[in-house]
Amino acid sequence: MSIDPLSYLPLTEPTFYILLSLAPGKKHGYAIMKDVKELSGGRVNLSTSTLYTAIGRLLDQDLIERLDDDDDDPAPGLPRKSYALTDLGRRVLEAEHVRLQGMVKEARLRLREGGA
Amino acid sequence: VKRVYALLLHLFPRAYREEYGDELQAVFDLSLDDAMRSGGKEVVRVTLRELVGLPQAILYEHLRERRKKKMLKKFNAYFDFAYGSRREFFTVMVPFLMVGLILPLMNLLMRSGLLIPRSPFVNGIGIVLVAVLGILFLIGLVTGLPRWAMPYIGFASAVLGVMATPDILRLSQREFPLLYQKFRLVGDCFYANAWCLGLLVVVILFMVLGGSVSVFRRFRDDWTLLCFIPYGAIPMALMVTFEEYKNDEPFMLLAVAVLAAGIWFYLRGRDERKRFGMLFGGLTLAMFIAAAGKAVLLPMQDWPIVMSPDSWKSEAMGTVNTWIMLALIMLVPVVLNLLPRSESRLRAT
């Protein structure tokens, strides 16, 4: 039985950015942290522990998966685990994208009506 | 600052720290190194951000750990049946009912044309049965091998044994052809029941672990639990016994009914010897029914071989051999329990 991605919506802002950060491919914790800050224009600045709390929750929900690094010689200091979107995670992200798009469209229409 | 952070990580639950501690430290170190390149203000900002986020994360992880433990406890409690209860009895009975009731019923339905062999429906039922057995076996392992899980260990060992036996037979015939020819009769008898060997290994392993590993110590306190392991292999023994036989369903059903009675009285009994007697009696009677069944059914079989009037004897003897093997395995814990014990062991028990 497939899980309905809509049941996960709406996503919180940090969750949305974490999933969005993983959309192009797998990443280490630190790369996610930097990407989230960049994607949000500096508004979502996660601490290490907050990031990992969110990661733990997303793992429990099967939205992301934890992978062992297959790189034999990783860059020094980098964690040996990385994270990737699961199929469900990708579907949830797409569903949130559609939801946000609908909201933006409605907002644009109403604002245009108000301005006219 | 990095060292202080490493110390603070000890405030997380141990399991979480072991899983994510290194990663948290590595990411923190990288954040701090980056901040240091940007100047002192950034270092202070990053440190403050981390210190503010940490208590909330620690609290959250402790609560999550407690929730997980509570759920596990609830799960364990669900499968922690009262001794001798009906739920315990029916959970033990699952593999017995599958082999002695559901499979014969499916055979009957297939013979009467109501079910089509190898159809998606029949295959689906097969998959569900295997899944139920597998899940209950795993639950037995996860919940610390409760009493009801013992026959599942025996059943799994027997299934693996049956699957591996043809390979062992082929390998030994190839590697030791002369030895095989010389002792062919003994060899055939042994090979026919070689699937029981895995069972023997499991019983001995549990006995050995009972002397040293705390989880297995209760097998020393109640040695009949070890006899309950081979009891779980009897459904497989019946399947092997009646392999290629037609119209074996009534005998299978009768044998499983006897085994069910053995389980019922074993689970509800208090005296160890009587409880062992129930298991041993169940095994003996069930295998006797199987042997008698083969003797009765043999003339009705349409096998493409010529059968002598004494063929039933050799057929029934095969089942007697299986009974001997299973009975010996069941007796191993009894014999070892009767052996004199050292004083230190007596004190321990």
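What pLDDT does chain A average? Chain A averages 88, and 88% of the residues score at least 70. pLDDT is the predictor's confidence in each residue, from 0 to 100.

This is a predicted model, in which local features need pLDDT of at least 70 and side-chain atom pairs count only at pLDDT 80 or more. Residues are numbered from 1 along each chain, and side-chain values use heavy atoms, without hydrogens and water.

**Helix 3 of chain A**

Helix 3 covers residues 48–60 of chain A. Helices here are DSSP runs (H or I, at least four residues), numbered from the N terminus. Of its 13 residues, 10 are buried. Buried means under 20% relative accessible area with a 1.4 Å probe, protein chains only. A:Y52 is one of the buried residues.

**Aromatic pairs**

The structure holds 21 aromatic pairs over all chains. Rings of Phe, Tyr and Trp (its six-membered ring) pair if their centres lie within 6.5 Å; planes under 30 degrees apart count as stacked, over 60 as edge-to-face and the rest as tilted. Two of the pairs are tabulated.

| Pair | Centre to centre | Plane angle | Class |
|---|---|---|---|
| B:Y5 and B:F28 | 3.9 Å | 5° | stacked |
| B:F228 and B:Y231 | 6.2 Å | 40° | tilted |

B:Y5 lies in helix 1 of chain B and B:F28 in helix 2 of chain B, so the pair ties together parts 23 residues apart in sequence. Both B:Y5 and B:F28 are buried. B:F228 and B:Y231 sit 3 residues apart in helix 11 of chain B, about one helical turn.

Definitions and conventions:
Chains are lettered from A and ligands numbered from 1 in the order in which they are written. Helices (H or I, at least four residues) and strands (E, at least two) are DSSP runs, numbered from the N terminus. The expected span of a helix is 1.5 Å times one less than its number of residues. Buried means under 20% relative accessible area, exposed over 50%, partly exposed in between (1.4 Å probe, protein chains only).
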